[in-house]
Each structure stands twice: as C-alpha cells, then as structure tokens.
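Here is a short briefing for a reader new to this structure. Take a look at the sequence and the model before reading on.

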Amino acid sequence: MRHELPTLEYALDALSPVISKQTMELHWGKHVRAYINNLNNLIAGTKFENASLDRIIKESEGALYNNAGQVWNHMFYFEALSPKPRKTPEGRLLDAINKQFGSLETFKEQFNKSAIGLFGSGWTWLVRQENGTLLITQEQNAGNPLHNKTGNPLLCADVWEHAYYMDYQNRRADYLNAFWEVLDWTVVEKWF
Ligand code: MN
C-alpha cells in the first residue's frame with residue numbers, strides 16, 4: 001500500500017499572510033512529500049507494508065517511526081488550518097477548556113508558552129487524556145501522543161523551524177500568535 005500526498009482543502013496561498021505561499025510550497029510540497037516518500041521506502045518488505053498509518057505510528061520505532069510520525073502529524077496540523085476558520089470553540093469543547101484552563105485566552109497563552117519553550121524541533125499538542133481531562137504536551141522531533149500514549153490528539157502546532165522561519169525568522173512567538181488566526185476550531189471539535 002503506497003501512502004500518497006493528499007490534496008489540501010485550500011490553495012497554497014490561502015493562509016497568507018499568516019503562512020505564506022512560499023512556506024506552504026516548501027513545507028507541504030517538499031517536506032511532507034519527502035516524509036511520505038521515505039515512509040513508502042521504509043515500509044517496503046516489512047510487516048508494515050500494508051498497515052494503516054495509525055498502526056505504523058503506534059508500533060514502529062526508529063527511522064520508520066520518525067517519518068510516519070511526521071506524515072501523521074502534518075496531516076493533522078494542515079487539516080485544522082483554514083482560510084475561513086471559526087476562531088472560537090463552542091459547546092462541550094469550550095466548557096472543557098474553561099474548566100481545565102480557566103478561559104480560552106489562558107489556554108492559548110499556556111499552549112504558546114509550551115510551544116515557545118520547546119527546545120529544538122517538535123510539536124506542541126492539546127490532548128484529551130483517558131480520564132477526560134485536557135492536557136498540553138510537548139513532543140520532540142516527530143513525537144506523537146498516540147505513540148507515547150499521552151492522550152487522544154485534538155490540536156497540534158508544528159514548531160520545527162521549517163514551519164515558520166521564512167515568514168517569522170527566529171520569532172517563534174509571532175508565528176504562534178498568528179497561528180490562531182488560521183486555526184479552525186470546528187476541526188478541533190470533531191476530534192474532541
Ligand atoms: Mn513541519
């Protein structure tokens with residue numbers, strides 16, 4: 001089974017100026033494509049040859065996990081972005097955020113603080129733990145909460161430099177502040 005680069009729901013310039021067309025061309029068009037090519041090469045002839053991406057990220061290690069994790073994480077990240085996002089959560093998700101973090105604004109501050117504080121390359125996640133509570137977690141490199149069993153992913157921010165360096169240079173905080181302008185909470189609600 002070959003994994004394929006899916007078609008994005010929006011044009012490569014649609015998230016501009018938060019995320020520029022140049023960043024999308026490099027990030028989606030080159031980085032994600034390379035992870036998918038590596039994944040296809042690494043599963044050939046292994047027990048993961050016909051496995052779902054979910055199973056691969058839960059059960060694999062090493063180079064295969066790194067590439068599969070990056071494919072999974074990027075699909076999840078780009079699916080939640082939109083040129084016409086609903087910028088606030090509603091209903092049960094909003095209740096859960098208010099209960100856990102006090103307010104949406106406080107949640108965003110804590111999420112950004114975690115993402116800014118992540119040393120090197122990685123991802124910051126909002127996950128729902130087995131007991132139902134929400135948790136902000138950091139993952140290094142290709143780290144994924146389903147592999148590390150920290151909870152079910154609801155939302156992630158890519159803080160690898162390739163995600164923001166062309167648009168924000170070293171100002172990771174500016175990228176994260178702008179990130180909320182293109183995050184579609186209807187997608188986060190779907191995962192919740
Ligand atoms: Mn990335």
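In what order do the three strands of the open sheet stand? The order is β2-β1-β3, and the strands pair in antiparallel fashion. Keep in mind that this is a predicted model.

- β2 (134–140) and β3 (152–158) are the edge strands. Each has a single partner strand, so one side of each is left without a neighbour in the sheet.
- From one strand to the next, the twist averages 25 degrees.
- Strand β1 covers residues 122–128. Six bridges join β1 to β3, and the two run antiparallel.

**The largest pocket**

- The largest pocket holds about 200 Å³ of space.
- It is lined by 14 residues. Closest to the pocket centre are Leu-8, Glu-9, Tyr-10, Phe-78 and Glu-79.
- Which helix gives the most to the lining of the largest pocket? Helix α3 (residues 62–79) does, with three residues.
- By class, nine lining residues are nonpolar, two are polar and three are charged.

How values were computed:
Residues are numbered from 1 along each chain as its sequence is written. This is a predicted model: local features need pLDDT of at least 70, side-chain atom pairs count only at pLDDT 80 or more; totals for chains, interfaces and linings use all residues. Side-chain values use heavy atoms; hydrogens and water are left out. Two strands pair if DSSP finds at least two bridges between them. Helices (H or I, at least four residues) and strands (E, at least two) are DSSP runs, numbered from the N terminus. Axes are lines fitted to C-alpha atoms, for helices over the stretch in contact, and angles run from 0 to 180 degrees between N-to-C directions. On a 1 Å grid over the protein atoms alone, a cavity is a set of points where a 1.4 Å probe fits but cannot get out, and a pocket is an open set with protein on both sides within 12 Å along at least five of seven lines; lining residues have an atom within 4 Å of a point. Grid points are joined across faces, edges and corners, and a volume is the space filled by probe spheres set on the points. Ala, Val, Leu, Ile, Met, Phe, Trp, Tyr, Cys and Pro count as nonpolar, Asp, Glu, Lys and Arg as charged, and the others, Gly among them, as polar.
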